[in-house]
Amino acid sequence: MKSSVEPKSARGTDATALLEKVMPVPHAETEISEGMVLRIERSSIHDGDGFRTVVFLKGCPLRCQWCSTPESMSPAVEHVGTQTYGTVMSVEEVMTEVRKDGIFFFHSGGGMTLSGGEPLAQAGFAAALLRQSQYEAINTAIETGLAVPFRQVEKVIPYLDAVYADLKHIDEDKHRYYCGMDNAIVLDNLRRLDGMAKGIKLVVRMPLVPGINDDNETLHRTGTFLATLDNLHSAQILPYHRLGIDTYRKLGREYLLQAVVTPDPAHVEAAREILRNHVSTVC
């Protein structure tokens with residue numbers, strides 16, 4: 001589901017201005033009572049500690065070629081045949097769904113995770129959801145690519161227990177080619193978030209995509225950068241997979257990585273071992 005406006009490449013500080021044109025966030029400095037939700041998934045064990053209820057928000061400024069949820073890219077409701085992607089929901093409507101899993105949160109140490117898309121593209125709505133969750137003693141986490149102006153990151157920091165931040169490619173030009181914009185704002189946001197992350201579990205995730213970011217040089221460069229983060233809890237390698245290809249077909253969109261195969265366990269572990277030269281905890 002492509003947005004009507006696609007992000008072009010950006011360099012340095014130009015990325016912020018570009019993002020605000022491509023993905024405007026109304027009243028980003030204030031909390032917003034309604035937002036665009038793609039879907040809500042319950043009982044996840046891969047999106048934070050314990051059992052999680054994952055709220056997927058719709059809209060993302062990146063166009064990663066390996067994205068497994070292309071239906072999350074556009075910030076608008078989209079209709080494909082009988083399928084509708086996206087619905088406007090209030091904070092209370094979302095929390096009504098989240099509260100259903102309260103007993104599982106209590107026994108597993110789980111909670112609510114905001115994902116996307118890019119949840120920080122709806123920073124005001126994300127902040128309102130996270131604040132309400134913390135008020136109700138529900139553990140909070142966010143999965144983010146950090147490809148947004150830092151003022152949107154700052155909005156949610158007070159209400160977070162954990163941040164799972166993607167670092168898709170350490171090389172600026174390759175990040176631009178494969179993700180639609182360079183990584184300057186991502187790296188800067190990671191540094192600034194690290195400086196404010198005391199008390200927050202900060203995990204940096206790297207998708208391992210064969211032939212794109214799995215070479216030794218890229219992995220060592222990534223590890224060298226991660227070693228500069230003082231409050232990093234751990235790093236994670238996420239193996240590339242081909243889930244979502246059928247959704248590209250439904251959306252009438254070409255999947256550009258047809259020739260890429262999922263890395264085998266030995267390949268993934270070898271990548272983890274390279275990162276362990278720089279970071280103590282790699283999963």
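Me: What does the side chain of Thr 113 reach at 2.6 Å?
Reply: The backbone oxygen of Asp 47. A polar contact is a pair of N or O atoms within 3.5 Å; within protein, one must be able to donate a hydrogen and the other to accept it, and residues adjacent in sequence count only if both atoms are side-chain atoms. This is a predicted model, in which local features need pLDDT of at least 70 and side-chain atom pairs count only at pLDDT 80 or more, while totals for chains, interfaces and linings use all residues. Residues are numbered from 1 along each chain as its sequence is written, and side-chain values use heavy atoms, with hydrogens and water left out.

Me: Why is Thr 113 called buried?
Reply: Buried means under 20% relative accessible area, exposed over 50%, partly exposed in between (1.4 Å probe, protein chains only). Thr 113 has 0%, so Thr 113 is buried.

Me: Which residues does Thr 113 touch?
Reply: Not counting residues up to four places away in sequence, they include Asp 47, Arg 52 and Glu 143. Contact means heavy atoms within 4.5 Å.

Me: How many disulfides does the structure hold?
Reply: It holds 0. For Cys 179, the nearest cysteine sulfur, that of Cys 64, is 3.7 Å away. A disulfide needs two cysteine sulfur atoms within 2.5 Å, and Cys 179 is in no disulfide.

Me: Why is Cys 283 called partly exposed?
Reply: Its relative accessibility is 41%, so Cys 283 counts as partly exposed. Cys 179, at 0%, is buried.

Me: What share of the 283 residues of the protein chain count as buried?
Reply: The share is 56%.
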